Number of protein chains: 4
Amino acid sequence: MNSKLRIRVWNEGVHEANNEPSHIGGMYPDGIHGAIAAGLRSHLPDAEVTTAVLATDHEHGLAEEVLADTDVLLWWGHIAHAEVSDAVVERVHRHVLGGMGLIVLHSGHFSKIFTKLLGTSCSLAWRNDGERELVWTVKPSHPIAEGVDSPIVIPEQEMYGELFDIPDPDDLIFISSFAGGEVFRSGVTFTRGKGRIFYFSPGDQEYPVYHHPQVQRVLANGAKWAAQPGLDRSIPGVSNPAREWFAE
Amino acid sequence: MNSKLRIRVWNEGVHEANNEPSHIGGMYPDGIHGAIAAGLRSHLPDAEVTTAVLATDHEHGLAEEVLADTDVLLWWGHIAHAEVSDAVVERVHRHVLGGMGLIVLHSGHFSKIFTKLLGTSCSLAWRNDGERELVWTVKPSHPIAEGVDSPIVIPEQEMYGELFDIPDPDDLIFISSFAGGEVFRSGVTFTRGKGRIFYFSPGDQEYPVYHHPQVQRVLANGAKWAAQPGLDRSIPGVSNPAREWFAE
Amino acid sequence: MNSKLRIRVWNEGVHEANNEPSHIGGMYPDGIHGAIAAGLRSHLPDAEVTTAVLATDHEHGLAEEVLADTDVLLWWGHIAHAEVSDAVVERVHRHVLGGMGLIVLHSGHFSKIFTKLLGTSCSLAWRNDGERELVWTVKPSHPIAEGVDSPIVIPEQEMYGELFDIPDPDDLIFISSFAGGEVFRSGVTFTRGKGRIFYFSPGDQEYPVYHHPQVQRVLANGAKWAAQPGLDRSIPGVSNPAREWFAE
Amino acid sequence: MNSKLRIRVWNEGVHEANNEPSHIGGMYPDGIHGAIAAGLRSHLPDAEVTTAVLATDHEHGLAEEVLADTDVLLWWGHIAHAEVSDAVVERVHRHVLGGMGLIVLHSGHFSKIFTKLLGTSCSLAWRNDGERELVWTVKPSHPIAEGVDSPIVIPEQEMYGELFDIPDPDDLIFISSFAGGEVFRSGVTFTRGKGRIFYFSPGDQEYPVYHHPQVQRVLANGAKWAAQPGLDRSIPGVSNPAREWFAE
């Protein structure tokens, strides 16, 4: 077993390729994934942090051998969810059930992998009006909340509001409010199979959220929490044991 | 078994007795308990709704025979928590574990019965600044959310904010935001023993919150949900069964 | 709104059609669905209980207009999961997210609809050895446990054992043990969208489990709990509200 | 911050002092606490593991300065719960809410500290008949389940059975079955305040359970999971913040 945490940051990378919005290149010169990866590297200097985008060669950069060597996958997508191949989604799903950590970011709530894992519509209310978001910790004992300010103040953000159509999470860690009055369960965890999943909503292609030190800390905490580096990567399976199979 | 739902609204009644704030008499001429009871009666016309206050004869109006005939108890307290006798708290606790429903309101978060049932400090942040509260539904399938607007708009309210030091609730139904930006888990359920508990934070001695039709609806839904009228009122107990005691 | 609870019992009906096992016709002369429906009718005399099987005309008996008139759907399937059309599964999924209750029975753990709603493999351990199953109540305050013996003693059953690969349920109501020593979370609830889901494992084509009075009671309790007859049948959707849309 | 994990194993120590049962001295020559501590030391060689018993000088060995230097406290008690002073229980309660980990073992389910933290009766069914206990993992992704066999086979044990009157746990990790057919939620976690709590039922003064390598592994995993060594030890408190207190 490699003792380094192996983290892969995946971004569709379409906003960057299209230069849309036009300030994205100045804000995220290495792409959204680049900014996320830089934050992870600064908090987790011993981790191996790699990146990939939709256009990356060989299965969007999510081939079998890549996932087998990944402890935690971060997922950012927005306008190209439909372009992610179903085969790749099946593969990621299988690895999550087998124990790979998954962190789904912001507009990734509508990604194929997130809705497949959760079974609901994952719909929400939204408004892009540059509102202040406050991210409040409601479960301070959770490892993902360790050392995180409450609230995190994000000066300008897209509003994501309830009803967020997700199953009851295992843990509700963060709740956000927006200047317009809406609230959102912005940091939630789920377990599916042997895999740990963290959804964190702050982050958008319009605002420099991934440069925020507190947001970077949350993502680093999330990666540490979601990783199970020593785990055998296998989906829980059907068995047909004989009576007393467990007896010595 | 009496087929009518038997609901008892308990209020310390000290703000009313002291005429503090001075507008409380005009706002709640029958006391906070009277307003709550009126709302319950209008939504649940078949229920028997009674009231009591701290000064009520015989054990604050919470004697053994009263609790034995109560399906759901609502609890409002604020400045007189310490005056509730420990014996009464023990008795209410025993009835809740035995299956009596309990609805704890607003500043009742610091009541002896609530902190005893939850085991935490139940502390929170607060600010009395007449801020608008928005109560958002996050679990629309829960019986307590049935027919409730999302958000409920309460024009002026005391702010209650996180961190609300409670155990993870069984169900999180409502989250509030306040004009100042704070958020609060304002509608949560717990199970303790065989009893169902609902905490709902809107409501204060300064503001006419209990006259709000949507708040009245929530409390009526809560009473229906918490009641188990046919249940044998007994605390889960220790047993020392023989092997195969369940065999025919 | 029709005031009667409208319950539909769906069974693939293939074991019965194939007379496999050969004693199924004697044990369940009206099919597994017939026995389930009879139990529901006896406990819920005011409900409208209908049945359908895979071979029923028009979309396996699960056409749009049928589901629109169904408050709770019970689902029994085993060897023909793959024959249920994907279009029907999508439709049932949509109705569950919109608020239709769903009760999944026994080998239905591998049905397309259950795995799609839960997002996991739903695999388990099994052994068909006619073992005694004991079904223990662990959440007595839940409506589905009302009036149910603990344990329910089922003299002969197929063993279903952990690891049952499901997400953490909203509520864990029943845990079973088997003569061979395995345990199983045999009664669990989930919420997906606005819909309430109950999975109950006792029941098999080999054993007369659906004639057991206590099992019938559990299913009747489950149907009452899962039904939301007054609810607007719509999936939670995306919205893009203006600021202050909720203000009067 | 001391970088070593500081673990304190507390045992009432009365069975050992009374030589009751008479084989306890041979089975646990260093006391139950000694066997637990030895297991922890072997799995966590870098930890500082200390022990104390009821008769230990100065506040049962649980004085303020001791708890302030303890990351995780393990608690074994049975026949002397009432002899633990209320002041010590208040102090432990305060430290748990402030972030000290707590692992409650076996008959500690009736300890003052456990019932105070949980708010329920914590009653259960029991039978001392030397039955085989099987401990099944139902949440394999939880850190406490890491590397643990499923089932753990304990040849002879006291039976603990449902109904275990506890609040719904945050996580249900282990379910046990017994030869007689009963089941028990034998490994459960709770959060209270900032503190993490793990209850694990295997273990008794009659049987050598704490020498079982798998049980030792569970306790070591539990200690690692419950510890928050860098956390400021303070109970969540009431605050009365001004508007916009969080703004830069």
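Begin by selecting A:Phe110, which lies in the loop between β4 (101-105) and α7 (112-118) of chain A; helices (H or I, at least four residues) and strands (E, at least two) are DSSP runs, numbered from the N terminus. The model is a predicted one, in which local features need pLDDT of at least 70, side-chain atom pairs count only at pLDDT 80 or more, and totals for chains, interfaces and linings use all residues. Residues are numbered from 1 along each chain as its sequence is written, chains are lettered from A and ligands numbered from 1 in the order in which they are written, and side-chain values use heavy atoms, with hydrogens and water left out.

A:Phe110 counts as partly exposed because its relative accessibility is 34% (buried means under 20% relative accessible area, exposed over 50%, partly exposed in between; 1.4 Å probe, protein chains only).

**Chains A and B**

Now display chains A and B, where 20 residues of chain A are in contact with 20 residues of chain B (heavy atoms within 4.5 Å). The area buried between them is about 1500 Å², of which carbon and sulfur atoms give 67%; buried area is the accessible area (1.4 Å probe) that two parts lose on being put together, summed over both. Select A:Trp136, A:Val138 and A:Val183, which supply 30% of the area that chain A buries against chain B, more than any other three residues.

Then find B:Lys139 and A:Asp168, joined by a salt bridge whose closest N and O atoms are 2.7 Å apart (a side-chain nitrogen of Lys or Arg within 4 Å of a carboxyl oxygen of Asp or Glu).

**Chains D and B**

Finally, show chain D with chain B: 40 residues from chain D and 40 residues from chain B take part in the contact. Between these chains about 2800 Å² is buried, carbon and sulfur atoms giving 50%. In chain D, select D:Trp126, D:Val238 and D:Arg243, which lose the most area to chain B, together 20% of what that side buries. The interface of chain D and chain B holds 4 salt bridges; D:Arg243 and B:Asp129 meet in a salt bridge at 2.9 Å, N to O.
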